[in-house]
Amino acid sequence: MEYLSIVFQEVYKILFLLVPVLVSVAMVVWLDRRVWAFVQKRQGPNVVGPFGLLQSLADALKYIFKEIIIPSSSNKVIFILAPIVTMTLALIAWAVIPFSATQVLADINVGILYLFAVSSLGVYGIIMGGWASNSKYPFLGAIRSAAQMVSYEVSIGVIIINVLLCVGSLNLNDIVIAQQNMWFVIPLFPMFVIFFISALAETNRPPFDLPEAEAELVAGYQTEYSGMMYAMFWLGEYANILLMCAMGAILFLGGWMSPIDVYPFTLVPDAIWLILKILLLFILFALVKAIVPRYRYDQLMRLGWKVFLPLSLIWVVLTASYLFYFNLLPVN
Amino acid sequence: MIAHAIFFYTFSIIAVISAIMVTASKNTVHSVFFLILDFISISCLFIMIGAEFLGMIMLIVYVGAVAVLFLFVVMMLNVAQQKNQWFAGQQSSKHIPIGLIISTLIFFEIIIVIGGWKYKPEIFDINNSISQTSISNTHSLGQILYTDYIHVFQISGMILLVAMVGAIVLTFRQRSGVKRQSYIKQISRERAEGVEVLEVQSNKGVKIDD
């Protein structure tokens, strides 16, 4: 009985985390389309519900009732597994995100490594989907995304090292608390910019949406998917984008900490601040989608390997030497 | 303790079965997927014994990067059919002696390592002394790696660098006739060299020199 009560308690905690994440993913899709529309002087989805808020719900309902088509020449087990992998990986990463000093599902001491590991596993959903479809366009999309995500992961890893040098801990709460006096976005501003662009590439967002470049590859790795399986890819993709935004907010924008430490602002719950920061980054993501044209593939590779990687490596050396010579290295 | 045992046996059974399936499955891409499953379950085992840094690095390096490139190569080369031919052909028995020699070598190496613990228990104590203290596994790893073993660490880094340079040198070939984009050239182009206005005489045309 003791075990059972512990299990139930944990399941409740997980549900209280996952249900809001899934709902906010649906809302964020609406926000994305709205921002995109406003940049182009359109209205965007505004029919279903107030301001079109229920648009995503209507879409989800439509996907649920559509037929799931599995191509006869596909590799069936992997074909079905691919969207599940994408979705699961996008959701399990939320376990370590701290919403306040105490509101965190798993306060593990290698939190940032866990986040990095899970986000680097995200590529498997795409490769599996692309390969198992047994069709040219999905395969090309999968190959593209494999190369792209591996390349940009490297620079994200080096940027994380920059932050870790200033913090001295791999725990996400420690990273947030280390920004008490100054958000890392100020001293590490170039790294924040590179992180933002790498996050765009890591989540296959425009201008780096080459794995699903509709002008070239129909819909890339999702071409053969339909109905609920397509919707799962779609949900997983947006959950991943929110996750990268959360990672950016924690690493550079002070996570759950309130920006101004005076009376009326301290009343606002910590979780609200984190959500606002995530939304800010997400609106930036949406704006980039509306503004920037798609990169060519060789330009994408050049940017990742020849510009971002050397720049972030040089910045690691700079940060380390600055901290060393001014005796600012965190000691615990 | 029961929950611990359940998790341990689950992960180790998955690890062993997927390791067998890596060699047993006929489709090469499936083999790589089983290899990935093996890596993941082994990193779970690492985390269970408290080596969380090692487990996470295993996930990031092997599953996140190495296996992706592996999969990439296997998919591109389409080795699946070749492997089927090996299985179908009779000459597959030729590989058995080599495989046997290598596996016995590895087996004896493992026996020597485990035997070392058995007959020299103090070695085990020295290695274990760090994990007894209150600091976390990641901290203790950092403290020992950058102090006592700094030279070994640097040398292994150098070996990796040499391997990387070697791989690049071996596969590098200068291709002729490839048009490359030069950003500096593009940006520094002036109007004068881009456009030329010519007086064209009728019935004569212009000669465009390139």
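Let's start with Ile47(B), which is buried: 22 other C-beta atoms sit within 10 Å, and 20 or more is what it takes to count as buried. Keep in mind that this is a predicted model.

**Around Ile47(B)**
- Ile47(B) belongs to helix H2 of chain B, which covers residues 28-48.
- Leaving aside residues up to four places away in sequence, Ile47(B) touches Glu52(B) and Gly55(B).
- Take Ile13(B) for a sense of distance: Ile13(B) and Ile47(B) are 34 residues apart in sequence, and their C-alpha atoms are 16 Å apart in space.

**Where chain B meets chain A**
- On the chain B side, 16 residues are in contact with 17 residues of chain A.
- Helix H3 of chain B (residues 52-77) supplies the largest share of the chain B side, with 13 residues.
- Sorted by class, the side of chain B that touches chain A has 12 nonpolar residues, three polar ones and one charged one.

**Helix H6 of chain A**
- H6(A) runs over residues 136-167, 32 residues in total.
- From first C-alpha to last, H6(A) reaches 46 Å, close to the 46 Å expected at 1.5 Å a residue.
- How much of H6(A) is buried? The helix is mostly covered, with 25 of its 32 residues buried.
- Just after H6(A) comes Gly168(A), which takes a positive phi of about 85°.

Technical notes
Residues are numbered from 1 along each chain as its sequence is written. Chains are lettered from A and ligands numbered from 1 in the order in which they are written. This is a predicted model: local features need pLDDT of at least 70, side-chain atom pairs count only at pLDDT 80 or more; totals for chains, interfaces and linings use all residues. Helices (H or I, at least four residues) and strands (E, at least two) are DSSP runs, numbered from the N terminus. The expected span of a helix is 1.5 Å times one less than its number of residues. A residue is buried if 20 or more other C-beta atoms lie within 10 Å of its own, exposed if 12 or fewer, and partly exposed in between; C-beta atoms are placed from the backbone. Two residues are in contact if their C-beta atoms, placed from the backbone, lie within 7 Å. Ala, Val, Leu, Ile, Met, Phe, Trp, Tyr, Cys and Pro count as nonpolar, Asp, Glu, Lys and Arg as charged, and the others, Gly among them, as polar.
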